[in-house]
Amino acid sequence: MKKTITSKIYLDYAATTPVDPRVLKAMLPYFSEKFGNTMSLHSFGQEAKEALEESRGVIAGLMGAKPKEIIFTSSATESNNTALKGIAFANRKKGNHIIISPIEHDCVVESAKWLESQGFEVTRLKVGKFGLVDPADVKKAIKKDTILVSIMHANNEIGTIEPIEEIGKICRERNVYFHTDAAQSFGKIPIDVNKMNIDLMTVSSHKTYGPKGAGALFVRGGTKIEPIIHGGGHESGLRSSTVNVPAIVGFAEAARICQREMRREAEKLTKLRDKLIKGVLKKIGGSHLNGHPKKRLPNNANFWFKGVEGESIVMHLDLLGIAVSSGSACSSKSLAPSHVLLAIGLRPEQAYGSLRLSLGRWTKEKDINYVLDVLPKVVKRLREISPFKK
Amino acid sequence: MPLYSKEIFKHFKNPKNVGKIKKPSGVGEAGNLICGDVMKLYLKIEKNKKGERIIKDIKFETLGCVVAIANTSLLTTMVKGKKLEDVLKIKKDDLIKRLGQPLPPIKIHCSILAADALKEAIYDYYLKNEIEISKDLEKEHQRITKTKEELEKRYKGFQTFEKEVLKK
C-alpha cells in the first residue's frame with residue numbers, strides 16, 4: 001500500500017487531545033509573568049489566586065455546580081482516587097459497601113480493589129451487551145451499609161453513555177453518595193449535576209483540548225469526604241499541593257470554548273462518526289460495532305474485526321498516517337484483553353481484534369473518507385495471512 | 001527510541017513466506033496463552049545430496065500482532081535451506097538479536113510463537129516418518145501442547161461467560 005497523504009490524521013482524541021491554540025494563548029501569561037503562588041499574600045499571589053477562582057467559576061458553570069464545590073486536582077485519575085478513597089474513609093462508620101460497574105476506568109477499578117484490601121466490600125454490577133448498566137441492578141445492589149455508587153458517565157473505550165440520571169435518582173432516594181467519572185463526556189455532551197443527582201463528579205482537562213496536568217472533582221456541598229493528599233490545606237483542605245495555575249487557567253479556557261461550541265461540535269462529530277460506522281460495517285465483512293448504536297459519545301467508534309489482531313491494524317494504519325487505538329491488549333502496556341470488551345461479552349480473540357477510532361475538533365470529512373478507503377485494505381491484508389481464512 | 005526496530009517494521013510491512021504449502025511434510029501450530037495469538041507453520045522437507053534432511057520450503061499463517069508477524073517472517077528466511085538439526089538449535093535470543101533493538105519486555109512472548117510452531121512442524125514430520133525424537137524436542141512438544149490446551153480451555157470459559165451475559 002502506498003502512502004498518499006502528506007499530513008497525519010489523528011483519530012485518538014479519547015486518549016488525549018491537542019491543546020487548542022486559544023487555550024495555549026490564555027495559559028502563557030501564567031508561566032513567567034503571573035507566576036505567583038495562590039497562597040501568597042502579596043500581589044503576585046493574589047493575581048494567581050484570582051485566576052484560580054475565576055477558573056473555578058468557569059468549570060462549575062459548565063456543570064451547573066457552585067464554584068466552591070469544585071476541587072482542582074492533577075488528573076482524572078487523582079479525582080477518581082479521591083472520590084472513592086475519600087468517601088470510603090470518611091463514611092466507614094455508616095458502612096463499608098461500594099458499588100461500581102465492570103467497565104470503569106482502571107483508576108476506579110484499581111481504587112476499588114485497593115479498598116477491598118482495606119476491608120471494604122465492593123459489588124461489581126453487570127452490563128448488557130451494549131455496555132449499559134441497568135438502574136434496576138443498582139437499586140437491587142444497594143444495601144443498608146452501602147456508602148457509595150460509582151458509575152461512569154460515558155465509557156472511554158466503547159463510548160456508551162450510562163443512564164446516570166436514573167442511577168443518581170435511586171442513590172438520592174436511598175441516601176447513598178453517587179459519583180460519576182465524566183472524564184470522557186465533560187465538554188462533549190451536556191451535564192447538569194443537579195438534574196442528574198450527582199454528588200461527586202470527575203472531569204479532566206486534556207480530554208477537552210486543555211493541557212495535561214489538570215483535572216477537577218465536583219464535591220456537592222455537605223458531602224462527607226476525606227482528603228488523600230495532606231499538607232498546606234489548599235482546595236478547601238481536600239487537596240493540598242501548590243496549585244498548577246497555568247494548567248487550570250488552560251482547563252478553564254478549554255471549558256469556555258466547549259460551552260460555546262459543544263452543540264455545534266457534537267452535531268458535526270455525530271455526523272462524521274455515523275458515516276464512519278456505516279462505512280466500516282458496510283465495507284468490511286465480519287466487522288461489528290462495540291458499544292451502543294445510539295447512546296454513545298458523538299466522537300467514539302469502536303469495532304471488532306473477525307480474524308485480525310488489533311495491534312497489527314493500528315501499526316499498519318500508523319504507517320499509512322492514521323493514529324488510532326487498539327481496543328485492547330497486545331499494546332505496549334498490558335496483555336490482558338480489555339476488561340470493558342470482556343464485560344460486554346466479547347471473547348478474548350474478539351477483544352484482541354478490536355479498534356477504537358475517536359474523532360475530535362479537527363477531524364474532517366476527508367479524513368473519514370481516507371480511513372474508509374484504507375482500513376478495509378488493511379483488514380483484508382491481515383486476514384490473508386491468517387490461518388482462519390476461509 | 002521507537003517502539004519497534006526498522007527490521008521489525010520491514011518484515012511486518014512485507015512479511016516473507018506467507019501462505020500454505022500443499023501436501024506439507026509437517027505442520028506445526030502454536031498458540032500463545034498470554035495474548036491469544038495463533039500461528040500455523042508448514043514445512044516441505046527434502047534430503048540433500050549428502051542425505052541430510054533440509055527445509056526445502058516454509059510458509060506461515062498467523063493471527064498475530066506486529067512482533068509475531070515480523071518474527072515469523074524473519075525466522076522463515078533464516079531456516080530455509082538449513083538442516084533440521086541446525087534449525088532445532090536456534091535459540092529465541094538469536095532471533096531477538098536479529099530483530100535489532102531489544103523488544104519491549106512485554107512482547108518477548110510474542111516472539112516465541114514462531115519458534116514453537118517450527119518445533120511442532122518438525123515434530124510432526126518426525127512422527128509421520130517414524131524418525132527418533134530427542135528428549136528435548138519431546139519436552140518442548142509437551143509444553144507447547146499444554147499451552148494450546150489451556151488456551152482453548154480459557155476461550156471456552158469466556159464463551160460460557162458470554163452466553164450468561166447475553167441471556168440476561
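1. In this predicted model, Gly28(B) has Leu41(B) as its bridge partner in strand 2 of chain B. The two strands concerned, strand 1 and strand 2 (residues 38-47) of chain B, are joined by six bridges and run antiparallel. Strands of a sheet pair through backbone hydrogen bonds, either parallel or antiparallel.

2. The sheet in chain B is open and has three strands in the order 1-2-3, with antiparallel pairing. Strand 1 (26-31) and strand 3 (53-63) of chain B form its edges, each pairing on one side only. On average, neighbouring strands of this sheet are turned by 20° against each other, direction ignored.

3. Two helices of chain B lie across this sheet's strands. Helix 2 (residues 66-79) lies across strand 2 and strand 3, running at about 170° to strand 3. Helix 5 (residues 108-128) lies across strand 1 and strand 2, at about 145° to strand 1.

4. Chain B as a whole contains six helices and three strands, in the sequence pattern α-β-β-β-α-α-α-α-α. Of its 168 residues, 38% are buried. Among its contacts between residues at least 6 apart in sequence, 68% join residues at least 24 apart.

5. Chain A averages a pLDDT of 94, and 96% of its residues score at least 70. Over residues 1-5 of chain A, however, pLDDT stays under 50. Where pLDDT is low, the predicted coordinates should not be read in detail.

Technical notes: Residues are numbered from 1 along each chain as its sequence is written. Chains are lettered from A and ligands numbered from 1 in the order in which they are written. This is a predicted model: local features need pLDDT of at least 70, side-chain atom pairs count only at pLDDT 80 or more; totals for chains, interfaces and linings use all residues. pLDDT is the predictor's confidence in each residue, from 0 to 100. Two residues are in contact if their C-beta atoms, placed from the backbone, lie within 7 Å. Helices (H or I, at least four residues) and strands (E, at least two) are DSSP runs, numbered from the N terminus. A residue is buried if 20 or more other C-beta atoms lie within 10 Å of its own, exposed if 12 or fewer, and partly exposed in between; C-beta atoms are placed from the backbone. Two strands pair if DSSP finds at least two bridges between them. Axes are lines fitted to C-alpha atoms, for helices over the stretch in contact, and angles run from 0 to 180 degrees between N-to-C directions.
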